[in-house]
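Please read this note with the model open beside it. Each point takes up one topic and can be checked by eye.

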Amino acid sequence: MASNRVLRFGPVAMSNTLTTNILNCAITSLSGPVGFTPTQPYIVLRHIRIVNKTAGAVTFSLWLGATGANTAGTEVIGIGKSIPANDVYDWYGLLRLNSTDFLVGGASAATSLSIQGEGEIGFS
């Protein structure tokens, strides 16, 4: 039986580099306990909110894939999506990120948008 925990990330300002790693759950060292080997976690995203705190429209893009990569075919949320001045964009869904998956992206103007999200984290 799964016993996932509630997860919240951010808020954090988005950069204007579209290959910025935003979220990944990999554990870099699994050494420790005696008698069992811990497994890598996974994240189930249920909500992402992106806030535009400026007086002008700003776009954002998010990809799901390798670290620092935004290759064609891995677009996942809001590619070039415009958020009006002083407004928000809310995404609701069910998106699983394994330990090898990175949510990568950025905005058209540095530090104009803040991203935050909620979901669950668990172990497979």
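The points below go from the whole chain to single residues.

1. Basis of the note. This is a predicted model, in which local features need pLDDT of at least 70 and side-chain atom pairs count only at pLDDT 80 or more, while totals for chains, interfaces and linings use all residues. Residues are numbered from 1 along each chain as its sequence is written, and side-chain values use heavy atoms, with hydrogens and water left out.

2. Overall build. The chain has eight strands and zero helices (both are DSSP runs, numbered from the N terminus: E of at least two residues for strands, H or I of at least four for helices). Its C-alpha atoms fill a box of roughly 55 × 25 × 25 Å along the principal axes. Of the 124 residues, 34% are buried (buried is under 20% relative accessible area, exposed over 50%, partly exposed in between, with a 1.4 Å probe and protein chains only). Among contacts with a separation of 6 or more, 81% join residues 24 or more positions apart (a contact is heavy atoms within 4.5 Å).

3. Salt bridges. There are two salt bridges in the structure (a side-chain nitrogen of Lys or Arg within 4 Å of a carboxyl oxygen of Asp or Glu). One joins Arg 46 to Glu 120, with the closest N and O atoms 3.0 Å apart. Arg 46 is in strand β3 (residues 41–52) and Glu 120 in strand β8, so this pair ties together parts 74 residues apart in sequence. Arg 46 is partly exposed at 38% relative accessibility, and Glu 120 is partly exposed at 23%. Arg 49 forms a salt bridge with Asp 90, the closest N and O atoms being 2.8 Å apart. That pair links Arg 49 in strand β3 with Asp 90 in strand β6, 41 residues apart.

4. Asp 101. This residue sits in the loop between β6 (88–97) and β7 (102–107). Asp 101 is buried but has no salt bridge; Arg 96, the nearest side chain of opposite charge, is 6.6 Å away (Lys and Arg count as positive, Asp and Glu as negative; His and the chain ends are not counted). What does the side chain of Asp 101 reach? It reaches the backbone nitrogen of Asn 98, at 2.8 Å. Leaving out residues up to four places away in sequence, Asp 101 touches Leu 23, Asn 24, Leu 64, Gly 65 and Arg 96.

5. Rings. The structure holds one aromatic pair (Phe, Tyr or Trp rings, the six-membered one for Trp, with centres within 6.5 Å; planes under 30 degrees apart are stacked, over 60 edge-to-face, the rest tilted). The ring centres of Phe 60 and Tyr 89 are 5.3 Å apart and the planes are at 50°, so the pair is tilted. Phe 60 is buried, with a relative accessible area of 1%. Separately, Arg 96 lies over the face of Tyr 42, 4.0 Å from the ring centre (the rule is NZ of Lys or CZ of Arg within 6 Å of the centre and within 35 degrees of the ring normal).

6. Backbone details. The peptide bond from Gly 10 to Pro 11 is cis, with omega near 5°, and Pro 11 is in strand β1 (residues 5–13). Asn 86 is not a glycine, yet has a positive phi of about 50°. Asn 86 lies in the loop between β5 (75–83) and β6 and is exposed, at 57% relative accessible area.

Technical notes:
Polar contact = N/O pair within 3.5 Å; in protein donor to acceptor, adjacent residues only side chain to side chain.
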